[in-house]
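Hi everyone, thanks for coming along. Please have a look at the sequence and the structure on the screen, and then we'll walk through a few spots together.

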Amino acid sequence: MTKILLLFLLFLTAAAGAITLPAGSPLYRDTDPKKGPVGRLPEAVALPDSDKPIRAFFANHPMAYYSDFYRLALPDGKEVFAAPHVVIDQTESGVRFTIGAPPPAGRGALLALCGILAGAGAIAFIRLRKSPGFAGSAKEKWLLFALLILFRQLLMLNLLSRTNNLICAPGDEPGYLKVALDVLQNRWDGPWSYPIGHGLLFLLPAAWLTGAQSYYELAIGFSYFSALVLAPASIGIGFLALRELGVSARKAFAGCLLWVVFPFFWRYIPIWDAGLFTSYFDFASARMSFFNYTIEIATGFNMMSDTPSTFLLILTLYTALRMPPRLRSIAIVSALFALSCLVRLNNIFFAPAVGYALYTRHREQIRCLRYLGWGLLIGTGVYLALIAVQLYVNCRQFGSPFTFSYVLHYVENAPGSRPADGFRWSTFFRSNNVNFLAGSNFAIWTLGICGLLFLRNVRL
């Protein structure tokens, strides 16, 4: 293990160093390569480490490429930008641009490290699986837990190595970021397009730490955080929650392994005009396409609220199942559930699941009516105290605590869905919207329902 870590550090060290612009790199007047180059570098130019690149983005919704440009001064005093990672090809159909970017330092080494550790862990499990006392032991549980995280990181890093400089173009994300930036400036009048939770809990700290003021300044870093920290943490906590329910470590591993693998190959196709919504399985590529957009959304490599919401919700359920049966535990679970609802309002539909998880943990204590009364009072009070932040925003921005800021869809597909209109059941129950949810998520629902078979003999 020591040798592996030393090699990993060696890879990281080798990735650092001065930037050399190769001869023939195209030169531009600004950071838009589609305007055409004004020339090429006649010879290689070595830049000092102090010269920082200017990162430019090229969006074609729903995806965007990014690349690095370097500022250079010509002998006549004019300024140009060198783009060593932009390749220009003249084809029969016109000029073709291939926009590349250097991979983040250490990503390849981290991919290799995860692959080595995952292989070593798999070999260890194969050798130990029939050993006396291994099945059902803590060693088995934590080995399978580690394998889940490593498999997930391996697939995610492999995907990022293939797509490299491809990220989601801004869609809903600027609306979430506006919440964070407004709160940082103590501006509360909005109107905001989304609830306060994601912007306040996740994007505000990120924007404050980085000084970001726009989507593209924050998108890459937060996407890596979401995909490499929040998403695998959700899977790991989900595994532990299944163990708390009495599911064996191997069955919990099998179920969570589906969660690990599924997003990397599942795609959905919405054809709104035809009312056709379906899904299928495929591999990712490095192209700008809706299919790559779906994989980056599903795997958490984005700045949306889906992955943070899932993380908080799974953490809430695990905490309800794990913490000792005390009133303080009810307060903590209620607080976590309120935060998950602040991030995504529809998490309120998981209230029965959270309540049932608390019931299974406090089954003996709630036989005492005094404990039950205090539990209900504390749980409800903590939840409402935190949700009151959103209710205040609703009153201030829309004149009613029950008018929530939530854009459900584009205006042309769902009239009456602007923030000031709040949530409307009529929008949800439009035939196309229900068909979209049912058809696009059919495979997910099928797996979820089949997963109930794993719960036949668990402790409920």
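What you see is a predicted model, in which local features need pLDDT of at least 70 and side-chain atom pairs count only at pLDDT 80 or more, while totals for chains, interfaces and linings use all residues. Residues are numbered from 1 along each chain as its sequence is written, and side-chain values use heavy atoms, with hydrogens and water left out.

Helices here are DSSP runs of H or I with at least four residues, numbered from the N terminus. Which residues does Y215 touch, leaving aside neighbours within four places in sequence? They are C168, A169, P170, E173, P174, L177 and M303. G175 lies 40 residues from Y215 along the chain, and their C-alpha atoms are 9.6 Å apart.

Is Y215 buried or exposed? Buried means under 20% relative accessible area, exposed means over 50%, and partly exposed is in between, using a 1.4 Å probe and protein chains only. Y215 has 6% relative accessibility, so it counts as buried. C168, one of its contacts, is buried because its value is 1%. C395, at 38%, is therefore partly exposed.

While we're on cysteines: a disulfide is a pair of cysteine sulfur atoms within 2.5 Å. By that rule, the count is 0.

Now for a pair of helices. Helix 5 (residues 197-210) packs against helix 10 (residues 327-343) at about 100 degrees, and their axes are 6 Å apart. The axes are lines fitted to C-alpha atoms over the stretch in contact, with angles running from 0 to 180 degrees between N-to-C directions. Angles of 65 to 115 degrees count as roughly perpendicular, so that's what we call helix 5 and helix 10. From helix 5 come G197, H198, L201 and F202, meeting L339, L342 and V343 of helix 10.

Let's stay with H198 in helix 5. Its relative accessible area is 0%, so H198 is buried. Not counting residues up to four places away in sequence, H198 touches Y176, L203, F222, M303, M304, S305, P308, L342 and V343.

Last stop: helix 9, residues 306-322. Of its 17 residues, 13 are buried.

Methods
Helix = DSSP H or I, 4+ residues; strand = E, 2+ residues; numbered from the N terminus. Expected span 1.5 Å × (residues − 1). Parallel < 35°, antiparallel > 145°, perpendicular 65-115°, else oblique. Contact = heavy atoms within 4.5 Å.
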